[in-house]
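Biologist: Hi! Could you walk me through this model, starting with how you name things?

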Amino acid sequence: MRASVNQKLTELGERERLKELLRAKLTECGWKDQMKAHCKEVIKEKGLEHVTVEDLMVEITPKGRALVPDSVKKELLHRIRAFLAQHAT
């Protein structure tokens with residue numbers, strides 16, 4: 001089911017619109033700045049020479065997910081549901 005929803009979102013261009021909305025909302029609420037600061041902290045703690053991109057992703061992903069405001073999650077979910085209701089086959 002998830003694959004078919006993803007396919008429908010992609011085919012009709014809604015996936016890209018949702019991604020743009022998410023980027024805008026995360027920037028608007030300060031999430032992007034918080035994550036940038038967290039990345040700098042991790043790099044400072046471990047040292048630039050000792051951090052790979054993969055290490056950084058593993059370190060920051062849980063915090064990044066936790067910092068997404070509930071209002072942003074709810075809005076995206078509402079838009080996905082509305083899209084699916086409109087395009088149900």
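Modeller: Helices are DSSP runs (H or I, at least four residues), numbered from the N terminus. This is a predicted model, where local features need pLDDT of at least 70 and side-chain atom pairs count only at pLDDT 80 or more, while totals for chains, interfaces and linings use all residues. Residues are numbered from 1 along each chain as its sequence is written, and side-chain values use heavy atoms, leaving out hydrogens and water.

Biologist: Which residues line the second largest pocket?

Modeller: Its lining consists of Leu26, Trp31, Thr61, Gly64, Arg65, Val68 and Lys73. A pocket is an open set of points on a 1 Å grid over the protein atoms alone, where a 1.4 Å probe fits, with protein on both sides within 12 Å along at least five of seven lines; lining residues have an atom within 4 Å of a point. Helix α4 gives the largest share of that lining, 3 residues.

Biologist: How much space lies in it?

Modeller: About 210 Å³ for the second largest pocket, taking volume as the space filled by probe spheres set on the points, which are joined across faces, edges and corners.

Biologist: And what volume does the largest pocket have?

Modeller: About 330 Å³. Leu9, Arg15, Leu18, Lys19, Leu22, Val68, Val72, Lys73, Leu76 and Ile80 line the largest pocket. Both α2 and α5 (70-86) supply at least two residues each.

Biologist: Switching to packing, at what angle do α3 and α4 pack?

Modeller: Helix α3 (residues 31-46) and helix α4 (residues 53-67) pack at about 150 degrees, and their axes are 10 Å apart. Axes are lines fitted to C-alpha atoms over the stretch in contact, and angles run from 0 to 180 degrees between N-to-C directions. The pair α3 and α4 is therefore roughly antiparallel (angles over 145 degrees; 65 to 115 count as roughly perpendicular).

Biologist: Which residues of α3 and α4 meet?

Modeller: From α3 there are Trp31, Gln34, Met35, His38, Cys39, Val42, Ile43 and Lys46, facing Leu56, Glu59, Ile60, Lys63, Gly64 and Leu67 of α4. Contact means heavy atoms within 4.5 Å.

Biologist: What about α1 and α2, how do they cross?

Modeller: Helix α1 (residues 2-11) and helix α2 (residues 14-28) cross at roughly 85 degrees, with axes coming within 5 Å. That makes α1 roughly perpendicular to α2. Asn6, Leu9 and Thr10 of α1 make the contact with Glu14, Arg15 and Leu18 of α2.

Technical notes
Parallel < 35°, antiparallel > 145°, perpendicular 65-115°, else oblique.
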